[in-house]
Amino acid sequence: MTQKTPATDLLDTLAEIAADSALAAARNTRDAATEHTQGSYQALFAADGTASFPLTARLKIAQQIARWHGDTLLAEHYAAELTSAGDKYSIADEKLQAAFSHAERLSFKPANATPEHLWALQASGWSTDAIVTLSQLIAFVSFQSRLVRGYRLIGDKPVADNGHTAAVAGVWRTDRKTQSGNRAPLAFTQEELNWEPWLPAKALTEFSASQQATLARFGHTDSDYFRLLARDLPVLEQRTLTDKGIFYTAGGLPRKERELAAAVASKVNGCIYCASVHARKAAQLSKQPDAVQRLLDVQPGGVLSVGQDARWQAEIDFSAALSATPPTANAADISRLRQAGLSDLELLDLVQATAFFAWANRLMLTIGEPFEK
């Protein structure tokens, strides 16, 4: 394994992770997640961006998202990068304001997104490819801010006091039909669901041979969702590798509890599709389908951990608090998890599994919707 350093890893710097700490060792154990989280950042903020979505616009939006998430350190980082980038390649104010509106919605109420919101972006000058990159950027910074907070808590570093009321289930869509007329799910479920995009997925024939090979390597060839995200393939590739580095690794937090964290985040954000996938997996691995269903059945505003055993209560409460916008997870939550027996590596896995679904939910909810098979 290659040891990460502050010079090459942004989150090491922002979280003030000492090289000889247990947290640094844990991140090094999860080297794929560490490497590709940084790789995702670099893919989104490399060089000057693109003509349709220049770096300066990306940094302005990222700075505001970090502020909305109560992350002063991350906001200051993007402000400094913006100063270094200068004002070249600016975009029209109307187009930038449309992006800020989209970013605010995805940050606070992603389940409120509709196809009309994407059409409004197009009307203001955003291409389909650029909307995908914009959505990835918003979702990524939402993920990144939760990693900074989680890492700082594990490392016993101060974090912003965003209050700490019980984190609860969010609202979700209750439309009976999807945009295309399919039957939409009305409640959270462990059953398998389908998903349809609001923007056109890129046809496989439009990808080069090497790009098709990348899609095939990850099993994305036949998925409308992934062929839509593949409109920005470098970001999708790094995101997929980050996902695998967080969820498909040995040791540390049991996989069933990583899947539980994903379901909790999905309940907070109102993402029925993501919850169906990961609650089903948590139920299968834990052999506790009733306990998982109890979580899924919590209504908007209800406390998610009610009726669970002590360890799951601590994990659910932490994951829900970290998923709130702005996040409210605090040192007392970490102390409670340590008392439940979680090691630094297990805490890292819990933070990363939860935070990743700040990213995943914000894509799944805002570029398409689920429908029943």
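This is a predicted model: local features need pLDDT of at least 70, side-chain atom pairs count only at pLDDT 80 or more; totals for chains, interfaces and linings use all residues.

Biologist: Noted. How many helices and strands in the protein?

Modeller: There are 17 helices and two strands.

Biologist: What does the C-alpha trace span along the principal axes?

Modeller: About 50 × 50 × 40 Å.

Biologist: What share of the residues is buried?

Modeller: Buried residues are 55% of the 373.

Biologist: And the contacts? What percentage comes from residues 24 or more positions apart?

Modeller: They supply 74%, counting contacts with a separation of 6 or more.

Biologist: Switching to the surface. What is the accessible area, and how much of it belongs to carbon and sulfur?

Modeller: The accessible surface is about 14600 Å². Carbon and sulfur atoms hold 50% of that.

Biologist: Charges next. How many positive and negative, and how far apart are their mean positions?

Modeller: The protein has 37 positive and 41 negative charges. Their mean positions lie 3 Å apart.

Biologist: Now rings. How many aromatic pairs?

Modeller: The count is 16 aromatic pairs. Tyr-225 and Phe-226 are one of them: ring centres 4.9 Å apart, planes at 70°. An angle over 60 degrees counts as edge-to-face, so this pair is edge-to-face.

Biologist: Is Tyr-225 buried or exposed?

Modeller: Buried, at 7% relative accessibility.

Biologist: What about Phe-356 and Phe-357?

Modeller: They form an edge-to-face pair, with 5.8 Å between centres and 70° between planes. Phe-356 is buried at 1% relative accessible area. Phe-357 is buried too, at 4%.

Biologist: Last topic. Where does Ala-25 lie?

Modeller: Ala-25 is in helix H2, which runs over residues 22-29. Its relative accessibility is 43%. Buried needs under 20% and exposed over 50%, so Ala-25 counts as partly exposed.

Biologist: And how far is Ala-25 from Val-235?

Modeller: Their C-alpha atoms are separated by 27 Å. Along the chain, Ala-25 and Val-235 are 210 residues apart.

Notes: Residues are numbered from 1 along each chain as its sequence is written. Side-chain values use heavy atoms; hydrogens and water are left out. Helices (H or I, at least four residues) and strands (E, at least two) are DSSP runs, numbered from the N terminus. Buried means under 20% relative accessible area, exposed over 50%, partly exposed in between (1.4 Å probe, protein chains only). Contact means heavy atoms within 4.5 Å. Accessible areas come from the Shrake-Rupley method with a 1.4 Å probe; for residues, only the protein chains shown count as cover. Lys and Arg count as positive and Asp and Glu as negative; His and the chain ends are not counted. The place of a charge is taken as NZ of Lys, CZ of Arg, CG of Asp or CD of Glu. Rings of Phe, Tyr and Trp (its six-membered ring) pair if their centres lie within 6.5 Å; planes under 30 degrees apart count as stacked, over 60 as edge-to-face and the rest as tilted.
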